[in-house]
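User: Please take a close look at one part of this model: a pair of packed helices and what surrounds them. Keep it brisk.

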Amino acid sequence: MANEQAHEHGELVVKLMAGKATQGEAARVGAHYKQWVRQEWEGNEDRAAAFCVEALSTAFGGGRGEWGTLTTEEGTALLQFFMLVYLPTRSSRDDDARSLRDVVRNNGMTLRHYAQKIM
């Protein structure tokens, strides 16, 4: 996704999460997401999710780290957020997961608190 399109996507996701997106804006977020799954993951959302969970788990310490302390619902919310906001590629997913980790830590939050905030 080009920088301008990625910026627009990010702004729309923020509006969507705040409950302030129009139906058209929500549809554009969905279209960007579907395009990402199709182009980056050969249309296989389960494969995208599996690779993204692995990247997030690694970035947040695995099963014995912060990732391992999350409930299923918290982990699912973080995964969905990560996939929707970052639209990570196979080559960027690890860097993107570390970027999310940095956002969480730079805001003085635990991963659990961040997950609950986005739920």
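Analyst: H4 and H5 pack at an angle of about 110°. An angle of 65 to 115 degrees counts as roughly perpendicular, and H4 and H5 are therefore roughly perpendicular to each other. Their axes lie 11 Å apart. The crossing is right-handed. Bear in mind that this is a predicted model.

Now the residues at this contact. H4 contributes Phe81, Phe82 and Tyr86. H5 contributes Arg93, Asp96, Ala97, Ser99, Leu100 and Val103.

Leu100 leads on to the core. The largest nonpolar core has 27 residues, and Leu100 is among those with the most contacts inside it. Trp36, Leu56, Phe60, Leu78, Met83 and Tyr114 are also in that group. Helices H4 (72-86) and H5 (93-106) each give two or more residues to this core. So do H2 (23-41), H3 (45-59) and H6 (111-118). H3 gives the most, with six residues. In general, nonpolar side chains in soluble globular proteins tend to be buried together.

Tyr114 ties several of these names together. Leaving aside residues up to four places away in sequence, Tyr114 touches Leu78, Phe81, Leu100, Val103, Val104 and Met109. Of these, Phe81, Leu100 and Val103 also take part in the contact between H4 and H5.

Tyr114 belongs to H6, where Leu111, Tyr114, Ala115 and Ile118 are buried. Seen down the axis of H6, its buried residues fall within an arc of 100°, so they line one face of the helix.

Technical notes:
Residues are numbered from 1 along each chain as its sequence is written. This is a predicted model: local features need pLDDT of at least 70, side-chain atom pairs count only at pLDDT 80 or more; totals for chains, interfaces and linings use all residues. Side-chain values use heavy atoms; hydrogens and water are left out. A nonpolar core is a set of buried Ala, Val, Leu, Ile, Met, Phe, Trp, Tyr and Cys residues joined through side-chain atoms within 4.5 Å. Buried means under 20% relative accessible area, exposed over 50%, partly exposed in between (1.4 Å probe, protein chains only). Helices (H or I, at least four residues) and strands (E, at least two) are DSSP runs, numbered from the N terminus. Contact means heavy atoms within 4.5 Å. The arc is that of the directions from the helix axis to the C-beta atoms. Axes are lines fitted to C-alpha atoms, for helices over the stretch in contact, and angles run from 0 to 180 degrees between N-to-C directions. Angles under 35 degrees count as roughly parallel, over 145 as roughly antiparallel, 65 to 115 as roughly perpendicular and the rest as oblique. A crossing is left-handed if the near helix is turned anticlockwise from the far one by less than a right angle, and right-handed if clockwise.
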